[in-house]
Amino acid sequence: MLVVAVCVAAATLLARSAAGHGKDRPALEWALRVEGVPAAGARAVAALLPVVNAALAVALLAGVLARGLLAPAALAAAALFAAFLAYLVVLARRQRTDCHCFPGDDPLNAVTIVRAAGLLVALAVASLVVPASLDALALTYGVLAGLVAGLLLEVLPSAREMLG
């Protein structure tokens, strides 16, 4: 059940990221250019990242239903989060706080880095411990827990800033 929850939570964040970056590709391209990525590279990443995020979200959700897909999908998502974590570390070293990498326009801070690292580790572990089968109740609880976790990962940092 925990593997399902991790994959559904990650799929929720990846789908949200795909929608956000797809809607505002120029902002993503600009942010990459500010960090020194050449124009052609920034354009390519801005075009491909929403597609990759959406494809991984679908693959993770499909993997929940077809276990043979779950390990490769979780591993691919972990690789994407590893690249994302590396990008966050570079930004932190440059003392850039205008990442806006997660919903809510949160500035880059320790919470952002820990969240990305946590998802990376959880997905890497999930890719290694895929259960052979799940009954309907465990699958349902896993999906519900994953949706709640995905929403909390998006909402809590913004709520924390609004409250205090």
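Accessible area here comes from the Shrake-Rupley method with a 1.4 Å probe. With that in hand, I looked up the surface of this predicted model: the protein exposes about 8700 Å², and carbon and sulfur atoms supply 72% of that area.

**Entry: overall build.** Of the 164 residues, 35% are buried. I also checked the contacts between residues at least 6 apart in sequence, and 73% of them join residues at least 24 apart.

**Entry: the core.** The largest nonpolar core has 29 residues. I noted C7, L14, L60, F81 and L123 as those with the most contacts inside this core. Helices α1 (2-23), α3 (39-65), α4 and α5 (110-128) each give two or more residues to the core, and α4 gives the most, with ten.

**Entry: around L14.** Which residues does L14 touch, leaving aside its neighbours within four places in sequence? I listed N53, L56, A57, L60, A77, L80 and F81. Two of these names, L60 and F81, were already on my list of core residues with the most contacts.

**Entry: the rings.** I searched for aromatic pairs and the structure holds one. F81 and F84 form this pair, with 6.4 Å centre to centre and 75° between the planes. Because planes over 60 degrees apart count as edge-to-face, I logged the F81 and F84 pair as edge-to-face. Both residues lie in helix α4 (residues 67-93), three residues apart, about one turn of the helix. Buried or exposed, I wondered, are F81 and F84? Both F81 and F84 are buried.

Conventions. Residues are numbered from 1 along each chain as its sequence is written. This is a predicted model: local features need pLDDT of at least 70, side-chain atom pairs count only at pLDDT 80 or more; totals for chains, interfaces and linings use all residues. Side-chain values use heavy atoms; hydrogens and water are left out. Rings of Phe, Tyr and Trp (its six-membered ring) pair if their centres lie within 6.5 Å; planes under 30 degrees apart count as stacked, over 60 as edge-to-face and the rest as tilted. Helices (H or I, at least four residues) and strands (E, at least two) are DSSP runs, numbered from the N terminus. Buried means under 20% relative accessible area, exposed over 50%, partly exposed in between (1.4 Å probe, protein chains only). Contact means heavy atoms within 4.5 Å. A nonpolar core is a set of buried Ala, Val, Leu, Ile, Met, Phe, Trp, Tyr and Cys residues joined through side-chain atoms within 4.5 Å.
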